[in-house]
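Reader: I would like to learn how to read charged side-chain pairs in a model, and then how to read the end of a helix. Could we take them in turn?

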Amino acid sequence: MSRSRFLALARMFGPAVLMGVYIQSQVNKVRLRQALPEFETMREHHALACGSDRIEAGVTSHGGVALTPLAEDGPLRAIESYADVVSKVAPAVATVELFRNGTPAFINGSAGLPSASAQGLIGFGSGVLLRSDGILVTSNHVIAGRMNCYTSVLLADGRNFPAQILVQDEANDLAMLRLVHSGTERFPVLLMGDPARCCTGDVVLAVGSQMRLPTTVTCGIISAVGRSLAGVRAMAGARTLSLAAPLIQTDAPINRGSSGGALVTTDGKLIGINTMLMTSNSATGGGNVGLGFAVPSNYVAPLLAAVDRPGHRLVRTWDGLAVERAPPGLDGVSVKEVFANGPAERAKLHKGDRIIGIDDLKFTDVETYCICSYGHPVDRKRTYRVIRGTSEMNVRLTVEADPRPS
């Protein structure tokens, strides 16, 4: 404060009052400096509780708010923009369109979207590029039942490519496509995150072609992890779905056209494929009310592996267990059944064992256990932390191909 300003305020309020205000401001500064070490400890505990390594140089998150220091010893402020994250993510998120009347004239032509009525558009959604040779994932309901239609993918840079449907996973509403190109093209991709390390309250971005508007970005938080919608009908485009997969729930707005798009963390990692929303009136296709859902990205792994397998055969893996919620007040899940000749039996797990973690991951219910245990390749060795009676032990289990019918 300038000297003239100080003297003017002193004449207005009196020197005693002004001196009290000044002293209080200095006390507040001291309190802030004293609170910063406590905050640092608090955010470290938050990261450890989530089972994640989120503490990066100069940047952190706490309570769903991204924070960064103003100066080396300064206070923390909320990040005002995610533009850098979007610039990394958006090039790998595409618009997937299906046409009735053969090859649209705009394929491999000029940028932009054609008239839906002129080109015979019958469906659209989003897709996420996962391999630089043009492999992308989308929601199965975007392309389901439309094998004889023409599938087109519009990239964020305006290029269009035909696409082939390679692998479909109806149970988890996922499908894998391949862009048809010269073979020399290389495409931007998204890096996989780990949905098993997500926490309720984390900030996320949803990127897709909402309402057929390419590269639409919305922001929100994770409202729940491992949300079960088995037996619950929710809107997925013009259809309703009931999925068995445990889902990531978010209030980041998603609408028609979001299906197959990316749900990403604030460091640009893919943790989910947006698949459906609940509306106030699913019968009439009402809009977003803050209840959107994404399939965890580790459920994509078996489809990605199938791309290079003869016949694109989808192989699911399993641990040979059926589990149920642990008794009230206890962590983890209880082993309900150990299947004969399965990985769990070979690892000598028993019915009634309580599993409290896998590797360095913890879970609180059956749904989050499924996210932690799904999608790992055949022969992957994992460490199950088990409570048997009063003893705690580590059990090494080797993941195998699931022999049960899909």
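Reader: How many salt bridges does the structure hold?

Author: Side chains of opposite charge can pair when their charged atoms come close. In this predicted model, the structure holds twelve salt bridges, and one of them joins the side chains of Asp308 and Arg131, with an N to O distance of 2.8 Å. Asp308 sits in the loop between helix 6 and strand 18 while Arg131 belongs to strand 5, so the pair ties together parts that are 177 residues apart in sequence.

Reader: Is Asp308 buried or exposed?

Author: Asp308 counts as exposed, because its relative accessibility is 57%.

Reader: Which parts does the pair of Asp360 and Arg197 tie together?

Author: The side chains of these two residues, Asp360 and Arg197, meet in a salt bridge at 2.9 Å, N to O. Asp360 lies in the loop between strand 21 and strand 22, and Arg197 in the loop between strand 9 and strand 10, so the bridge links parts 163 residues apart in sequence. Asp360 counts as partly exposed at 47% relative accessibility, and Arg197 also counts as partly exposed, at 22%. As for shared partners, salt bridges join Arg131, Asp133 and Asp308 into one network.

Reader: Turning to the helix, which residue caps the N-terminal end of helix 8?

Author: An α-helix has 3.6 residues a turn, so residues three or four places apart point the same way. In helix 8, which spans residues 366–373, the buried residues include Thr368, Ile371 and Cys372. The cap at its N-terminal end is Asp365, with a side-chain oxygen 3.3 Å from the backbone nitrogen of Glu367, and just after helix 8, Gly375 takes a positive phi of about 85°.

Methods. Residues numbered from 1 in each chain as written. Predicted model: local features only at pLDDT ≥ 70, side-chain atom pairs only at ≥ 80, totals over all residues. Heavy atoms only, no water. Buried < 20%, exposed > 50% of the residue type's maximum accessible area, 1.4 Å probe, protein only. Helix = DSSP H or I, 4+ residues; strand = E, 2+ residues; numbered from the N terminus. Polar contact = N/O pair within 3.5 Å; in protein donor to acceptor, adjacent residues only side chain to side chain. Salt bridge = Lys/Arg side-chain N within 4 Å of Asp/Glu carboxyl O.
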